[in-house]
Amino acid sequence: SLSMAFNHQNNCILSPARKASFVGRGSNSQLSMAFDAGLAQSVVTAVALPVAFVGTGTFLLTNESEEDEYAESKEDEEKEVDIYRDTLLRYAGYANEVGEAFAPLVPAIVVPASYGVAITYVLADTVDKTRKALTGGKYGIKTTTSCALIEGLDALIWQLAASVALPGYTIHQVVAITVMLLNAAGITEDVNALFGVIPTAVGLITIPFIVKPLDEFAEVGMDVTLRKIWNPYLDSCTIDFGDDE
């Protein structure tokens, strides 16, 4: 029994090399777990707001009734074409999203320049809406100027949200998350130059899927906030041409 106890004791005593090996394995395992947890937390934090924006917009779009869609289509048929919102010029508002998508591949100045293009488009639409309100004969003479300024402000805020802030931030986060995941997997340009294109490709592919949800999110956001303040005033100043018939 003494011999068995002695052998058991010897087996329980690890050599320094074996002990270091076991400690090393434990440390690597803990480090890997900590790294995975840290990466997951970073990804969740980065994706939270874009998912909330796009998810809410998608929900609002899918819950529109068929009657509303039919009414909107009839209204669209009756009104004149808005070159800033109904033609290819609308895509000028997405210049900053393209810039954000190309951020990993282009010089740093390109991204701010893309925002400059988008903001120029936003200001042009704002001026257009203000001019139409001033000259369209929609409002009474005494209130035309104030109503035109309100309509211009409405266009400016909507465009800044729907064309610049919301999509720009969303694409920025998508590209950043893609870069983060690729780096964590060891897939970098140092391994293959082609991998540098992946974040840009992911960003560009994302754009068509976020445009309508973010437009709707901005539209409803305006409807339930600022437009509740100034729409009653605009309605009170609108000339009812039906009274002249």
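Trainee: How many residues does α7 have, and how far does α7 reach from its first C-alpha to its last?

Mentor: Happy to start there! Keep in mind that this is a predicted model. Helix α7 has 26 residues and reaches 38 Å between its first and last C-alpha, close to the 38 Å expected at 1.5 Å a residue.

Trainee: Where does α7 bend?

Mentor: Look at Ile210, where α7 bends by about 45 degrees. A proline, Pro213, follows within four residues.

Trainee: What span should α6 have, at 1.5 Å a residue?

Mentor: Helix α6, residues 144-184, has 41 residues and should span 60 Å. Its end C-alpha atoms are 58 Å apart, which agrees. There is also a kink of about 40 degrees in α6, centred on Ala161. Just after α6 you will find Gly186, with a positive phi of about 75 degrees.

Trainee: Now for the rings. How is a pair of aromatic rings described?

Mentor: By the distance of the centres and the angle of the planes. In this structure, a search of the whole model finds three aromatic pairs. One of them joins Phe53 and Phe217: the ring centres are 5.4 Å apart and the planes are at 45 degrees, so this pair is tilted.

Trainee: Which helices hold Phe53 and Phe217?

Mentor: Phe53 lies in α2 (residues 16-62) and Phe217 in α7 (residues 198-223), so the pair ties together parts that are 164 residues apart in sequence.

Trainee: Is Phe53 buried or exposed?

Mentor: Phe53 is buried, with a relative accessible area of 16%.

Trainee: What can you tell me about the pair of Tyr84 and Tyr121?

Mentor: That aromatic pair is tilted too, with 6.3 Å from centre to centre and 50 degrees between the planes. Tyr84 sits in the loop between α3 (66-78) and α4 (95-101), while Tyr121 is in helix α5 (residues 110-135). The two are 37 residues apart, and their pair links distant parts of the chain. Both Tyr84 and Tyr121 are buried.

Trainee: Back to α7. At what angle do the axes of α7 and α8 cross?

Mentor: The axes of α7 and α8 (residues 226-237) cross at roughly 60 degrees and come within 5 Å. The two helices are therefore oblique to each other.

Trainee: Which residues make the contact?

Mentor: From α7 come Glu219, Met222 and Asp223. From α8 come Leu226, Arg227, Lys228 and Trp230.

Conventions. Residues are numbered from 1 along each chain as its sequence is written. This is a predicted model: local features need pLDDT of at least 70, side-chain atom pairs count only at pLDDT 80 or more; totals for chains, interfaces and linings use all residues. Side-chain values use heavy atoms; hydrogens and water are left out. Rings of Phe, Tyr and Trp (its six-membered ring) pair if their centres lie within 6.5 Å; planes under 30 degrees apart count as stacked, over 60 as edge-to-face and the rest as tilted. Buried means under 20% relative accessible area, exposed over 50%, partly exposed in between (1.4 Å probe, protein chains only). The expected span of a helix is 1.5 Å times one less than its number of residues. The bend at a residue is the angle between axes fitted to the seven residues ending there and the seven starting there. Axes are lines fitted to C-alpha atoms, for helices over the stretch in contact, and angles run from 0 to 180 degrees between N-to-C directions. Angles under 35 degrees count as roughly parallel, over 145 as roughly antiparallel, 65 to 115 as roughly perpendicular and the rest as oblique. Contact means heavy atoms within 4.5 Å.
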